[in-house]
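Subject: Structure handover

Dear colleague,

I am passing on the structure we discussed, together with notes on what was found in it. Please read them alongside the coordinates.

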Amino acid sequence: MLLHDSIGPNPRVVRIFMAERGIELPKTTVDLRGGENRQPPYLAKNPAGQMPCLELDDGTVLAEITAICEYLDEVTPGASLIGTTPLERAETRMWTRRIDLNIVEPMLNGFRFAEGLKLFENRIRCIPQAADDLKATARERLAWLDGLIAGRRYVCGDRFSLADIMLFAFLDFGAGVGQPIDPKLGAITAHHAMMAARPSAKA
Ligand SMILES: N[C@@H](CCC(=O)N[C@@H](CS)C(=O)NCC(=O)O)C(=O)O
């Protein structure tokens with residue numbers, strides 16, 4: 001297998017996941033800033049033109065970080081970060097999707113349409129006038145999540161999972177591009193500090 005890797009929070013989710021699962025894979029770095037991911041050689045692998053993707057030994061290419069992480073989880077021996085029962089797997093997917101749709105998407109589009117506009121304006125349809133509302137939406141949904149995970153050690157309760165990695169990697173990115181965590185969100189702030197202290201945060 002070969003991981004097509006780059007800067008950015010999506011590839012980092014996969015790298016953190018691999019670090020947590022003890023998975024080592026060959027990697028090749030794609031020049032995201034230079035737009036290599038939007039050029040034909042890479043588009044032939046991932047028609048979405050986004051990073052990362054995982055190329056399997058038979059040439060099959062997997063994209064979308066949750067799909068990549070789930071695949072790696074299943075083909076690698078060791079403690080699963082998705083779940084070992086139907087209920088655990090469903091809960092991980094429920095929380096991961098909540099984080100992805102409610103927080104990650106508006107946060108990243110808020111960035112792409114404002115601070116990231118120069119990089120993205122010729123790649124995707126950008127709506128600069130929507131940026132502030134998207135950032136506000138992400139903040140509101142993060143406050144909602146704060147209430148839901150209050151009193152929990154991890155997003156899925158006592159069980160560390162992909163949902164924790166997703167939350168951490170994207171909030172860490174947001175903090176670096178002008179969307180810091182509101183310190184009043186006690187559960188999210190504590191979760192972030194706990195995740196930042198794990199060795200996998202270096203990935
Ligand atoms: N839904 C995709 C999102 C991937 C994504 O947006 N990747 C970013 C890097 S963090 C990217 O490729 N940005 C550069 C571009 O879109 O040209 C996934 O789950 O993998």
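A pocket here is an open set of points on a 1 Å grid over the protein atoms alone, with protein on both sides within 12 Å along at least five of seven lines. By that definition, the space taken by the ligand is the largest pocket. Please keep in mind that this is a predicted model.

Domain 1 (2-75) and domain 2 (86-202) both contribute residues to the shell around the ligand, so the ligand lies between them. That shell comprises six nonpolar, four polar and four charged residues, and helix α1 (residues 9-21) gives the most to it, with three residues. Of the 14 residues around the ligand, those that come nearest are Asn 37, Arg 38, Met 51, Glu 64 and Arg 123.

The ligand taken alone exposes 520 Å², of which the protein buries 89%.

Two backbone details involve residues named above. Met 51 is joined to Pro 52 by a cis peptide bond, with omega about 0 degrees, and Pro 52 lies in the loop between α2 (40-43) and β3 (53-55). Glu 64, found in the loop between β4 (61-63) and α3 (65-75), has a positive phi of about 75 degrees although it is not a glycine.

Best regards

How values were computed
Residues numbered from 1 in each chain as written. Predicted model: local features only at pLDDT ≥ 70, side-chain atom pairs only at ≥ 80, totals over all residues. Heavy atoms only, no water. Near = heavy atom within 4 Å. Areas by Shrake-Rupley, 256 points an atom, 1.4 Å probe, with all protein chains shown as cover. 1 Å grid on protein atoms, 1.4 Å probe; cavity = no way out; pocket = protein on both sides within 12 Å on 5 of 7 lines; lining within 4 Å. Sits in = over half its atoms within 2 Å of the grid points. Helix = DSSP H or I, 4+ residues; strand = E, 2+ residues; numbered from the N terminus. Nonpolar A, V, L, I, M, F, W, Y, C, P; charged D, E, K, R; others polar. Domains from an automatic or database assignment.
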